[in-house]
Amino acid sequence: MSAYKPPAIPSSEITPKNLFLARRKFMQMAGGAAAAALLPTSLWAGEKLSGIVKSGYTVNEELTPYKDVTSYNNFYEFGTGKEDPAQNAGTLKTRPWTVTVEGEVNKPKVFDIEELLKMAPLEERVYRLRCVEAWSMVVPWLGFPLAELIKRVEPNSKAKYVEFVSLLDPVQMPGQRSMVLEWPYREGLRIDEAMHPLTLLTLGLYGELLPNQNGAPIRIVVPWKYGFKSAKSIVSIRFTEQQPISSWMRAGPNEYGFYSNVNPDVDHARWSQAKERRIGDFLKRKTLYFNGYQDEVAQLYAGMDLQKNF
Ligand code: MTE
């Protein structure tokens, strides 16, 4: 793997210019101070996040504006339309919140969200996010490697896979009253994928705590896989011997495989994956192998037929 060297510069010293500009742009669009009073509180929650370090695992590409990152979402628990999560996710209660880490581990534990926020230095990592629907974004996430959490629970020799389970609560999540997917939302990774330094346990974006529609209070981001592998609003992480069956695999086994690595050569059953539209762009661009993270992750799949293991 090509190892980057994170510069470890506290963001209190270097306020990311893009962040500042995005915020100013948002305020201008919102019509200034009068409109600010009407903004959802989640927008300001992140003002408290401090001690953020810049990570070397960052792509140097134009950021997708904050407004698009937080208003064009997939979060079926709040509806299937792209604007639905931003409109409906206000009903999600993100405090108190715990994440149960269990299964094939020596030290199962229930982690409180406040403890998770302090577990490791929060890094800002600008990652490409490539949705299976052939659009993409560039997002400055805040989090730390999932490996940091995994080390603390000591997986045993039977732990071959990791399953992520999102919250099940049809009262808070009205989308769960219809069976568009099997609830709760489930996703999974092989343990080496989960341990990979790029796999980010994510608590924020654009310098603040995650807005509800982006999977508050805690989600996974796996940048070399299609976006649906990055489960939101996680309440449980389970270590298993058998490969977990994700909600999307149940919904369409021919369309959604377990691996779901971004791959321009493997079409979705109903559309091509060769190109994608970056949100905000007019023209499409070529899809990159492993979403551009080939140097970092290709060796995880050495010897595997990626047409079969899609
Ligand atoms: N997690 C849950 N619990 N429910 C969902 O519907 N959608 C997935 C993923 N995680 C989803 C989820 C899909 S399809 C994508 S593309 C990403 O979240 C979108 O993340 P974003 O809205 O923060 O861009």
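Serine 260 has a relative accessibility of 4% and therefore counts as buried, where buried means under 20% relative accessible area, exposed over 50% and partly exposed in between, with a 1.4 Å probe and protein chains only. Its phi is near 50°, a positive value in a residue other than glycine. Serine 260 lies in the loop between α9 (247-251) and β12 (275-278); helices (H or I, at least four residues) and strands (E, at least two) are DSSP runs, numbered from the N terminus.

Before I continue, a word on the basis of these values. This is a predicted model, in which local features need pLDDT of at least 70 and side-chain atom pairs count only at pLDDT 80 or more, while totals for chains, interfaces and linings use all residues. Residues are numbered from 1 along each chain as its sequence is written, and side-chain values use heavy atoms, with hydrogens and water left out.

Serine 233 also has a positive phi, near 45°. This residue sits in the loop between β10 and β11, and it counts as buried because its relative accessibility is 0%.

Arginine 95 and proline 96 are joined by a cis bond with omega about -10°, and proline 96 falls in the loop between α5 (84-88) and β2. The bond from alanine 216 to proline 217 is likewise cis, with omega near -5°; proline 217 is placed in the loop between β9 (208-209) and β10 (219-221). As background, most residues other than glycine have a negative phi, and most peptide bonds are trans.

I turn now to strand β11. Of the 7 residues in β11 (residues 234-240), 5 are buried, so the strand is largely enclosed by the rest of the structure. Which strands pair with β11? Strand β2 (residues 98-103) runs parallel to β11, joined by 4 bridges, and strand β6 (residues 161-166) pairs with β11 in the antiparallel sense over 6 bridges; pairing requires that DSSP find at least two bridges between two strands. Isoleucine 237 in β11 stands opposite valine 101 and also opposite phenylalanine 164.
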